[in-house]
Amino acid sequence: MHISKKQEILCPFRECEKKYSILCSFTSHVSKIHRNCEPAITVKNLENCNTVENSENCSIQEVFAESEESLNNALLEFDDQSNMTVQHEPFKVQYDADVGSKLFIKNVGQFYLKLESKLLLSASTIQYIVTEINNIYGEGQKVARQKLQEFLLAENVSSDKINRIIEEVFNCDLWIQSNNIFNTDYKRKKFYKKHFDYVDPVFIKIKGTQKFFAYVPLQDTLKKFFNDKSLQNVIDLRSQPQHELLKDFTDGKVFRNNTFFKNNAEALQIILYQDGFEIVNPIGSAKKKHKLLAIYMTLGNIPDNFRSHINCIKLVALCKESDFDHKSVYGKVVEDLKIIEETGIEIDKKLIKGCLVFITGDNLGSHGLGGFVENFSTSQYFCRFCHVTKEKFYSNGGSCKMYKSRSIKSYNSALDKIGNKKDFEGIKFNSVFNQLKNYHVCLPGLPPCLGHDIFEGVVAFDLQLYIGYFINNKWFTLKQLNERIENFKYSTEDRQDKPCTITTMNKKIPGGACQIWNFIRLLPLLIEDKIQTTDNEVWLCTLLLSEIVEIICSPIIHTSCLSYLQLIISQYISMREMLFPEVKLRPKHHYMYHYPELILQFGPLMKVWTMRFESKHRFFKRAIRYCLNFINVLKSLSIKHELLQSLVRLGADIRIQTELYEVSTFHIDLYNIDIQKAIQNARLPPLIQQCSRVVVKGTEYKQGYALVLHQDGYRYNIVIGKMCLFLCYEENIYILFEIVENEYIPYINAYKIGGIKSYECHNLHEVLYFKPLHVYTIESMRCIKPSHGFVSHHV
């Protein structure tokens, strides 16, 4: 309240005299400095809270809350973001016992809800905790009763009055009242469903069987999106597509050409994902017995950094894969989508319509959902984007040709010609999603996943061929390569997805998509001194694949770069086919050929890939591992998930967009004249502060890392700055950069870093690419190796 009026406030914790006038600085200070204070933190008496300039008394209602709800939110934020135990001193203000009682009971409910849904304790374990806490508390009460009785007797209070006083005091005990509400599992769940934003899963019978699948009503889930305190200020129903610069799916043709979004400026942009996964050991005796098919949903109306968070990915349906029926399961989803598309849902007394934008998934799942053939090894038509056949693809020069694209008309024509055949032109049946007015699987509506196609497909198999070639030609030994993989000085980010060691027995590079991505990116640095000839065709092919990966993975792509991407993909496939004719190309090589057009359709493919959705599976795997209840897996998991979502909607997942560390007053005269000039040229606000590092939207910025500031050409004429000082004012972050000499080194596809040329100070929002770049040291050379290409400008 006071900060919003540009007034300074004192830190409310004991023995801390820090003063703040910037909200993000204050919240960062509280979160980081007072996170683990021992003993428990005591809030200063806020009755004497004064601003530095104005000594008006502040009431507790002004400082913390004006209602039960806002006070509840304040406590939740401290508990979930800072993990702090806050113990309040008695305030010298009027206390509303009724509000306090309700708030206490709600907080107890949130505590038990967190144990069950977030920490995934079983119902029996929670019941044991409840019982033991109450037993311990009961023993404490006996002692308190006895002491109180002794004290009153010593004060010559009559026995009748003593009994009345004791009964009156202990009957008001909030813990005893809460125990009557939470003492059984049934009562606890009843409380969660009544008082929190819980969406109750329904169990729908699968047609022609006695089996059921779990369905979380889509309309209810969308309504609850707007009640989620973690997302209250980030949902944007309006989009502003760009035509040349592709930043998100809203810039792609699929969204821009959709008549629904043209006619409904404020509409829900619904994104679905489907995938099958094992919840038990996939190589154990119970494999496939409990394999599930999951359908998830998120909204394109929230920023991509929120959209990728697993708590913003909602459950739509869970079904055992062995019981799955296309029309029964997907049909129910389509039924709700029709209502949302045609009628809309009521949000804040206003009808808001929504439309399905696309459905993402791996190739097998997307083909099954779209009615296409799912056997990629034997089927003639293996592509959902065009009419290529295996015969044409493997013919002379057939791998680099563009074939007739699939369309709604060709899809319907194939359906008419199926007759008694299993499929016609790769289509088996009409997908129920085609019943929607503004969606069709051939618009296109099933984007590719570069994690499966590129990293776990093309890169994994082809890179294994190239490494085998280098080993056979004595560039290095397998042992030398594995030693370098193990001993390389990775950045903190690289270590999270450190590449796996290689074995010659495998047909592909081992590891997940991100591990393989790191491996192809860092391979030139790992073997830089072992490269015998820089014009070796296999090495050039490796670099070409690395360049393709960089462009495809770019978060921002200018449309002028797509023709160049098409060219180098054609060159790569031709070289790969020529250098290793004995090893056939895979269907995923063909899918990669479609990527330039698909980027134009869906925007940067990093924004539609499935890796973040797949991370959602971990919740269900952990939940079943902890509860060990396989009697009704669908019911157990869907209820457990919706309980977690009800906790999240309370604000338990609120994330600070900007976090500042070790904030202090900035004194410009402590720095040399060059730095002073750079800061003065930036014309910063007068009340600027400095900090040691910054986290913005989940990305950490710290000293020593580099950022790309300007770009005048593809790969060359790039301005690189090393971060050396962080300055902040309100929500604005300014960074002082050391502008360093740099030279592009083609044979390792990296930038060599030289000495300091000058200093520049820029707002973080002005830099060309937001992702910090680690500076690697290879013998005497310092260099940076970007994870994506710099293709946001005209090529």
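1. The largest cavity holds about 70 Å³ of space. A cavity here is a set of points on a 1 Å grid over the protein atoms alone where a 1.4 Å probe fits but cannot get out, and lining residues have an atom within 4 Å of a point. Grid points are joined across faces, edges and corners, and a volume is the space filled by probe spheres set on the points. By this rule there are 4 cavities of 30 Å³ or more.

2. This is a predicted model, in which local features need pLDDT of at least 70 and side-chain atom pairs count only at pLDDT 80 or more, while totals for chains, interfaces and linings use all residues. Residues are numbered from 1 along each chain as its sequence is written, and side-chain values use heavy atoms, with hydrogens and water left out.

3. Which residues line the largest cavity? They are Glu-550, Tyr-714, Arg-715, Tyr-744, Asn-749, Tyr-751, Pro-786, His-788, Gly-789 and Phe-790. By class this lining has 5 nonpolar, 3 polar and 2 charged residues. Ala, Val, Leu, Ile, Met, Phe, Trp, Tyr, Cys and Pro count as nonpolar, Asp, Glu, Lys and Arg as charged, and the others, Gly among them, as polar.

4. The second largest cavity has a volume of about 50 Å³. Its lining consists of Trp-517, Ile-520, Arg-521, Ser-546, Val-549, Glu-550, Lys-785, Pro-786 and Ser-787. At least two of the lining residues come from each of helix H20 (513–526) and helix H21 (537–552). Helices (H or I, at least four residues) and strands (E, at least two) are DSSP runs, numbered from the N terminus. The classes here are 4 nonpolar, 2 polar and 3 charged.

5. Ile-531 sits in the loop between H20 and H21. Is this residue buried or exposed? Ile-531 is buried, with a relative accessible area of 12%; buried means under 20%, exposed over 50% and partly exposed in between (1.4 Å probe, protein chains only). Not counting residues up to four places away in sequence, Ile-531 touches Trp-475, Trp-539, Tyr-747 and Ile-748, where contact means heavy atoms within 4.5 Å. Ile-531 and Tyr-747 lie 216 residues apart in sequence, and their C-alpha atoms are 8.8 Å apart.

6. The axes of helix H22 (residues 562–579) and helix H24 (residues 595–602) come within 8 Å and cross at roughly 150 degrees. H22 is therefore roughly antiparallel to H24. Axes are lines fitted to C-alpha atoms, for helices over the stretch in contact, with angles from 0 to 180 degrees between N-to-C directions; under 35 degrees counts as roughly parallel, over 145 as roughly antiparallel, 65 to 115 as roughly perpendicular and the rest as oblique. Leu-562, Leu-565, Gln-566 and Ile-569 of H22 meet Pro-596, Ile-599 and Leu-600 of H24. This contact has 6 nonpolar residues, 1 polar and no charged.

7. H24 is largely enclosed by the rest of the structure, because 7 of its 8 residues are buried. Among them are Tyr-595, Leu-598 and Phe-602. Just after H24, Gly-603 takes a positive phi of about 80 degrees.

8. His-594 is in the loop between helix H23 (587–593) and H24. His-594 is buried, at 6% relative accessible area. Leaving aside neighbours within four places in sequence, His-594 is in contact with Cys-383, Phe-385 and Cys-386.

Note on methods: 1 Å grid on protein atoms, 1.4 Å probe; cavity = no way out; pocket = protein on both sides within 12 Å on 5 of 7 lines; lining within 4 Å.
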